[in-house]
Amino acid sequence: MTQTAGKAAEIAHIYVDAMANKDVEKIASISSNDVVCSSPLGQIAGIERFRGFQDGFARMIKKLTALAV
């Protein structure tokens, strides 16, 4: 595995764990301030809007299982 792939896998694991625990601050902490997210709501840009989207998304999660990273 390349160093980049290893880092991407690490971030993916952190995200999944944070989402399962509804830890929006942890998700924000691994995200860039100029994050851009394509979501069912449309394109979301910037960390504050992304944090708000993740907060609402996390509240909807009942059970989360990672199948692959």
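Let's begin with Phe-53: this is a predicted model, and in it Phe-53 has 15% relative accessibility, so this residue counts as buried, the cut-off being under 20%. Now look at Phe-57, which comes out at 29%; that lies between the 20% and 50% limits, so Phe-57 counts as partly exposed.

These two rings belong together. The structure holds one aromatic pair, and Phe-53 and Phe-57 are its members, with 5.8 Å centre to centre and 10° between the planes. The pair counts as stacked because planes under 30 degrees apart fall into that class. Both residues sit in helix 3, which covers residues 47-60, and they are four residues apart, or about one turn of the helix.

Helix 3 also matters for the next stop, the core. The largest nonpolar core has 13 residues, and Met-19, Ile-27, Cys-37, Ile-44, Ile-47 and Phe-50 have the most contacts inside it. Helix 1 (3-20), helix 2 (24-29) and helix 3 each give two or more residues to this core, with helix 3 supplying the largest share, four residues.

For a closer look, pick Ile-27. Leaving aside residues up to four places away in sequence, Ile-27 touches Tyr-15, Ala-18, Met-19, Phe-50 and Gln-54.

Strand 1 (residues 36-39) and strand 2 (residues 42-45) pair in the antiparallel sense, over four bridges. Two residues lie between them, and together the strands form a hairpin. To find one of the bridges, go to Ser-38, whose partner in strand 2 is Gln-43.

How values were computed:
Residues are numbered from 1 along each chain as its sequence is written. This is a predicted model: local features need pLDDT of at least 70, side-chain atom pairs count only at pLDDT 80 or more; totals for chains, interfaces and linings use all residues. Side-chain values use heavy atoms; hydrogens and water are left out. Rings of Phe, Tyr and Trp (its six-membered ring) pair if their centres lie within 6.5 Å; planes under 30 degrees apart count as stacked, over 60 as edge-to-face and the rest as tilted. Buried means under 20% relative accessible area, exposed over 50%, partly exposed in between (1.4 Å probe, protein chains only). A nonpolar core is a set of buried Ala, Val, Leu, Ile, Met, Phe, Trp, Tyr and Cys residues joined through side-chain atoms within 4.5 Å. Contact means heavy atoms within 4.5 Å. Two strands pair if DSSP finds at least two bridges between them.
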